[in-house]
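Subject: Handover of a structure and notes on its contents

Dear colleague,

Please find below the structure that I am handing over to you. My notes on the findings come after it.

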Amino acid sequence: MLSVLIPTYNYNTFFLVKEMHQQLILEDIPFEIICLDDGSKSPLNIQNNDINKLSFSSFKSLEKNIGRSAIRNLLAKKAMYNWLLFLDADVVPAKSNFIKKYLNCFKKDRTVFCGGLLYEDKKENFRLLRYKYGKKHEEISLEKRLENPEKFFFTSNFLIQKSVFDSVTFEEKLTEYGREDLLFSLALIKKGYKIEHLSNEVYHLGLDKNDLFVSKTKKAMENLVFIDKQTLIDTKEMPLLELVRKIAILRMTRVVGVFYLLFEKLAIKKSSVFFLNCMKVSYLCHLKLKHE
């Protein structure tokens, strides 16, 4: 009935799998939990191997890294049931009826369900740029998510029918961090599937330090340029690309692109979402010049 699919990389995901396992056992339904490590060779996989001791659950580490999109496609291929629940390794359900809420969605066909994201308001998180960015751009109320379903689609917590997934899949040309969720949600809409949001959130636990998060954000911008060059998306569907296009019309690309290193340093030093967003635009301009 339900396949829970968890891609991981250098992370101990046993706690999440154990929580999912307990909830699924209580619901008394046919299920499986499949966790795949994307070739991290991490010592944490010693703990992850304990997943194999749980019934209907498996953990395996790939020999080589295949990328965020490809590993999700591989998980879906391995799944035996007709409903797929994708969860990131570094999340945990906010409530004990998490699985029950998703089971109530099984009556609807051609619909993908997104449960939402939360960030823990803990003292050690308050100074982290990743926490601030998540609170501003990802921890979105159900009301706002319902207004713009595809904009707030996140791969960290969603339910989809296997037949629907197989007709779309993730774009494997994207091997680095970022933007695979955007392409996937747009592909769903274009194929006539509905994205429905509900209040069934998970907490995002694995918060990167500022320098690592900024580095990942730059990778996401590189993916965005790649998506644009490959014409995988209409520029008008991505506000950042549309803004950079307007900057180019004003012949300001070179001027704006010069400042990305300054914005990068300020984003890291001040844990500033404002400077991070400035860096995104500036770095995109820099990349545009670089690839001309």
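The notes below take up the sheet, the helices and a few single residues in turn. Please keep in mind throughout that this is a predicted model.

The sheet

The model contains an open sheet of 7 strands with mixed pairing, in the order E3-E2-E1-E4-E8-E6-E9. Its edges are formed by strand E3 (57-61) and strand E9 (194-197); each of these has a single partner strand, so one side of each is left without a neighbour in the sheet. On average, and with direction ignored, neighbouring strands of this sheet are turned by 20° against each other.

At the E3 end, strand E2 (residues 31-37) pairs with E3 in the parallel sense, over 5 bridges. Within this part of the sheet, Cys35 stands opposite Phe59 in E3. Two helices are placed against these strands. Helix H1 (residues 14-27) lies across strand E1 (2-8), E2, E3 and strand E4 (83-87), and runs at about 170° to E2. Helix H3 (residues 68-78) also packs on the sheet, where it touches E1, E2 and E4; the direction of H3 makes about 150° with that of E2.

Strand E8 deserves a separate paragraph. Of the 5 residues of strand E8 (residues 157-161), 5 are buried, so the strand is largely enclosed by the rest of the structure. The cover extends to both faces of E8: Asn157, Leu159 and Gln161 are buried on one side, and Phe158 and Ile160 are buried on the other. E8 pairs with E4 in the antiparallel sense over 5 bridges, and the bridge partner of Phe86 in E8 is Phe158. E8 also runs antiparallel to strand E6 (residues 111-114), to which 2 bridges join it. Here the bridge partner of Cys114 is again Phe158 in E8.

Helix packing

How are helices H12 and H13 oriented to each other? Helix H12 (residues 260-270) and helix H13 (residues 273-290) pack at an angle of about 155°, with their axes 8 Å apart. An angle over 145 degrees counts as roughly antiparallel, and H12 and H13 are therefore roughly antiparallel to each other. The crossing in which H12 passes H13 is left-handed. On the H12 side, the contact is made by Tyr260, Phe263, Glu264, Leu266, Ala267 and Lys270; these meet Phe275, Leu276, Cys278, Met279, Ser282, Tyr283 and His286 in H13. Sorted by class, the contact of H12 with H13 has 9 nonpolar, 2 polar and 2 charged residues.

The buried residues of H12 are Tyr260, Phe263, Glu264, Leu266 and Ala267. Their cover includes helix H5 (129-137), helix H9 (210-229), helix H11 (253-257) and H13. Just after H12, Ser271 takes a positive phi of about 50°.

Two of the helices that cover H12, namely H5 and H9, also pack on each other, at an angle of about 55° and with their axes 8 Å apart. H5 and H9 are therefore oblique to each other. In this contact, Leu129, Arg130 and Tyr133 in H5 meet Asn210, Phe213 and Val214 in H9. By class, the contact of H5 with H9 has 4 nonpolar, 1 polar and 1 charged residues.

Single residues

Which residues other than glycine have a positive phi near 60°? One of them is Arg251, which is placed in the loop between helix H10 (239-249) and H11. Arg251 is exposed, with a relative accessible area of 75%. Lys41, which is not a glycine, has a positive phi of about 60°. The place of Lys41 is in the loop between E2 and helix H2 (45-48), and Lys41 is exposed, with a relative accessible area of 52%.

Is Asp181 buried or exposed? Asp181, which lies in helix H8 (residues 180-190), has a relative accessible area of 18%; buried means under 20%, so Asp181 is buried. Leaving aside residues up to four places away in sequence, Asp181 touches Phe153, Phe154 and Thr155.

With kind regards

Notes. Residues numbered from 1 in each chain as written. Predicted model: local features only at pLDDT ≥ 70, side-chain atom pairs only at ≥ 80, totals over all residues. Heavy atoms only, no water. Pairing = 2+ DSSP bridges. Helix = DSSP H or I, 4+ residues; strand = E, 2+ residues; numbered from the N terminus. Axes fitted to C-alpha atoms, helices over the stretch in contact; angles between N-to-C directions. Contact = heavy atoms within 4.5 Å. Parallel < 35°, antiparallel > 145°, perpendicular 65-115°, else oblique. Left-handed = near helix turned anticlockwise from the far one by under 90°. Nonpolar A, V, L, I, M, F, W, Y, C, P; charged D, E, K, R; others polar. Buried < 20%, exposed > 50% of the residue type's maximum accessible area, 1.4 Å probe, protein only.
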